[in-house]
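I open this notebook to record, entry by entry, what I looked up in the structure shown below.

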Amino acid sequence: MPTFGNNNAVEIPVNESEHNVPASKGRRFGLGDSDDEFHDDDVEEEEGEVNGKEIEFFDYAALAELLRAATPGQGMAKVFPIESSVPLQVPPTTVSVPRKNVASSPVLEVAPNPDNEMTEEERKLYRKVDVARIKYLRLIHRLGYDTEHHIAIQVLYRLSLVEGFRRIKVANHSSELESAWKKALQLEAEGTEDLEFSCNVLVLGKTGVGKSATINSIFGEDKSKTSAFLPATTAVKEISGVVGGVKFRVVDTPGLGTTHMDEKSNRKVLNSVKKYIKRCPPDVVLYVDRIDTQRQDANNLSLLQCITSVLGSSIWSKTIITLTHSAAAPPEGPSGIPLNYEMFVTQRTHAIQQSIRQATNDPRFENTSALVENHHLCRRNTEGEKVLPNGLIWRRLLLLLCYSVKTVETNSLSARVASPANLFSLRFRMPPLPHFLSSLLQSREHPSKSQVAKLSKEQQKLYFDEYDYRTKLLEKKQLKEQLRRLKEMKIEGNNHDVLGDNDNPDDEYETERSVMPDWALPSSFDSDDPAYRYRCLDPKPNFLVRAITNPDGWDHDCGFDGVSLQYSLDAANAFPASLWVQVNKDKRESTIHLVSSISAKHRENVSSLAGFDIQTIMDQLAYTLRGESKFKNSKKNTTTGGLSMTFLGDTMVTGAKFEDKLSVGDRLTLLANTGAVSIRGDTAYGVNMEATLREKDYLMGQDLAILGASLVRWHKEWSMAAKLDSQFSMGRASNVAVHVDLTNKLTGRVSIKANTSEQLKIALLGVCSMTMYLWNRMHPFIDRNY
Ligand SMILES: Nc1nc2c(ncn2[C@@H]2O[C@H](COP(=O)(O)OP(=O)(O)OP(=O)(O)O)[C@@H](O)[C@H]2O)c(=O)[nH]1
Ligand SMILES: [Mg+2]
């Protein structure tokens with residue numbers, strides 16, 4: 001049973017980029033509005049000068065290198081990592097900078113007494129940064145965050161970089177930050193001083209993705225028209241308002257199209273956006289898309305190219321990828337199990353990110369992403385704020401990202417400093433630990449020698465001959481029975497003159513065709529999913545190959561873009577092994593997912609398993625080595641202990657698990673397992689418990705019920721989940737599968753799948769799904785996740 005996600009996870013992959021967007025990319029694109037104190041003409045000029053003179057002086061890489069040199073070991077100045085593949089929750093204490101950047105930069109010489117050498121310009125700059133820091137701290141305090149939030153850490157770090165020269169001699173920077181925080185809290189408590197902070201936001205995206213609805217959510221009132229059926233926004237429109245004391249000026253834009261024919265109208269819209277933003281440049285751009293649309297990035301590229309060609313690629317340097325419909329349930333992965341929510345979000349963001357990189361022809365763009373759920377029935381907390389299934393209070397985080405992007409943008413000194421959107425980049429180097437924990441805690445059957453494998457070649461041949469002969473006998477019997485029934489029907493038809501023309505030769509052909517045997521389909525079979533349309537079973541035992549077509553694929557000229565292969569064998573006649581591999585390749589990317597295991601029996605009651613897995617996680621390959629040993633304590637009880645190591649880039653995730661399985665009677669099995677995964681001191685713990693009740697003649701009959709519960713502790717937070725899976729047959733020809741899961745955040749889902757080969761029941765199922773559909777139309781949200 002997979003463990004369930006943790007609510008922190010979506011915030012985790014935010015990471016610093018090692019790649020700075022070059023100087024030409026949008027440095028000056030998003031200057032704030034003129035009422036902002038950092039944007040008056042004086043400061044503009046000043047900054048120009050500072051830029052002109054100090055681009056070298058405040059070079060990002062050189063400065064960081066200098067800081068590092070000035071703070072040996074865990075030095076006094078507490079700075080945060082510039083690049084790291086570790087989630088930012090790890091307390092940042094060191095700076096690491098790519099050497100190549102340093103080589104191209106002049107290395108600073110530290111003056112013996114820099115205080116005296118501070119120029120007037122520098123003093124002004126430091127004052128400006130101090131003011132910005134206090135403002136930012138006040139903003140995060142208003143949103144209910146503190147300086148420990150990973151985005152706040154990044155912004156404060158970036159501000160400290162700007163004034164880095166001063167920091168070299170400030171012995172205790174953290175106390176400086178502390179006093180700024182105190183000052184911010186004091187000002188907030190007094191409530192006297194106006195914040196004088198404004199935010200210009202440009203909202204772009206395809207039609208109907210929820211741009212206007214997101215704007216309404218930001219303001220907390222319906223300021224822009226939305227429509228489910230027709231394009232609702234027809235012209236570029238400015239909407240203003242105050243949100244938590246911050247003046248927002250949001251530009252709503254008409255939806256863009258993705259077909260070739262839309263290009264002309266897209267350009268028209270974008271040209272009017274261009275005119276508008278010349279007058280009033282945005283601080284932040286929200287590129288909105290739905291998280292739940294399958295073919296989401298199929299035609300995006302030409303649209304993104306169009307946006308880039310009209311508005312310039314600089315637009316992307318302050319863009320937040322905004323995903324609406326975020327309460328949608330994740331789709332099923334290749335194994336038929338729904339994707340982990342965090343993986344689902346990351347995959348969708350990655351797909352859009354890839355398209356942005358392709359459209360701009362610049363692989364260095366690393367945009368942050370925000371999740372949005374605009375539906376009014378979205379679950380809310382006691383304060384009335386909308387909460388996503390993973391527990392994220394999304395609106396607050398979106399506001400924090402907007403403030404952060406603006407703060408960094410208006411306070412960056414050098415064009416070489418990474419662009420704001422890069423700062424909080426969703427650079428996915430490490431998926432959330434619960435993802436690894438879930439895969440570690442999976443209870444695995446050790447591959448065993450199949451019955452066929454035990455037979456000699458000759459015996460196998462005899463076995464299959466016998467099998468074929470019996471199958472043929474059965475088929476013949478069925479065919480005879482069917483022909484007999486047909487004859488009876490014909491006679492009845494003649495008698496009652498109902499069947500009409502009986503000389504039609506096709507009739508007989510039809511009956512012959514109906515004798516086809518049933519296909520064996522996976523439990524998650526979905527006839528709309530093209531992956532299932534091209535399934536092919538090799539007649540050899542233990543070998544299954546199928547072609548995959550991916551609906552998210554780039555194009556389908558050649559009909560498929562992947563292949564999946566399952567194979568089990570008995571290596572050296574002593575080590576049963578199994579292999580499952582799926583390779584997908586399209587024009588842009590290729591992915592591989594391989595799971596292989598080999599097992600060996602040592603003594604009568606000990607069996608060991610060694611496994612090697614490969615999985616593409618975003619654009620990296622994760623290699624997992626795992627091993628476990630199973631001890632059969634008694635006929636009814638087995639205990640398993642296992643270790644795993646996953647290598648992803650330059651990081652390693654280690655894991656350990658312990659499992660106990662107990663059979664009670666013939667029908668009940670109890671399974672409990674616990675484990676932990678760890679990466680550089682960041683550890684996630686989990687416990688799973690599962691009770692499985694089978695019918696007496698399981699395998700002949702398929703009735704089964706599984707009740708499970710899981711508990712995950714990660715980042716000082718517990719998350720609990722419970723699930724119920726049940727499958728049972730109703731009569732001979734009908735099966736029902738029920739799945740219910742629920743988390744401690746009161747989110748979850750219920751799914752009921754039914755299949756039947758009886759016509760009346762098929763009709764009934766049709767009526768049921770139509771009724772459900774009509775109900776959903778009337779109550780569009782309730783069914784989906786809650
Ligand atoms: N369930 C759900 N529905 C949403 C969400 N966002 C928007 N919608 C619905 O989707 C429909 C379209 O939303 P709009 O805000 O009009 O979309 P738009 O992008 O502004 O569309 P245009 O103005 O035509 O370009 C409306 O019926 C919204 O209620 C969301 O996050 N979840
Ligand atoms: Mg709209």
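Entry 1, the serine. I began with serine 212, which is buried, its relative accessible area being 6%, and I keep in mind throughout that this is a predicted model.

I then asked what Ser212 coordinates, and found that its OG, together with OG1 of Thr233, coordinates the magnesium ion (ligand 2), at 2.0 Å. The pair links distant parts of the chain, since serine 212 sits in helix H9 while threonine 233 belongs to the loop between H9 and S2, 21 residues apart. Threonine 233 has a relative accessibility of 13%, under the 20% limit, and therefore counts as buried as well. Water is not among the atoms, so I note that the site may look incomplete.

How many residues of helix H9 (residues 211–219) are buried? I found that nine of the nine are, so the helix is largely enclosed by the rest of the structure. Besides Ser212, the buried residues include Lys211, Asn216 and Phe219. I looked up what they pack against and listed strand S1 (198–205), strand S2 (237–243), strand S3 (246–252), strand S4 (284–290), strand S5 (319–324) and helix H13 (394–411).

On the H9 side the contact is made by Thr214, Ser217 and Ile218, and on the H13 side by Trp394, Arg395, Leu398 and Leu399. Sorted by class, the residues of this contact are four nonpolar, two polar and one charged.

In which order do the strands of the open sheet lie? I read the order of its six strands as S2-S3-S1-S4-S5-S6, with mixed pairing. S2 and strand S6 (368–371) are the edge strands, each pairing on one side only. On average, neighbouring strands of this sheet are turned by 25 degrees against each other, direction ignored.

Histidine 325 has a positive phi of about 60 degrees although it is not a glycine, and I located it in the loop between S5 and H12. Asparagine 361, likewise not a glycine, also has a positive phi of about 60 degrees, and is found in the loop between H12 and S6.

Finally I asked how accessible each of these residues is. Histidine 325 is partly exposed, with a relative accessible area of 24%, whereas asparagine 361 is exposed, with a relative accessible area of 68%.

Key: Residues numbered from 1 in each chain as written. Chains lettered and ligands numbered in written order. Predicted model: local features only at pLDDT ≥ 70, side-chain atom pairs only at ≥ 80, totals over all residues. Heavy atoms only, no water. Buried < 20%, exposed > 50% of the residue type's maximum accessible area, 1.4 Å probe, protein only. Helix = DSSP H or I, 4+ residues; strand = E, 2+ residues; numbered from the N terminus. Contact = heavy atoms within 4.5 Å. Pairing = 2+ DSSP bridges. Axes fitted to C-alpha atoms, helices over the stretch in contact; angles between N-to-C directions. Nonpolar A, V, L, I, M, F, W, Y, C, P; charged D, E, K, R; others polar. Donors = N, O, S within 2.8 Å, 3.2 Å for Na, K, Ca; no water.
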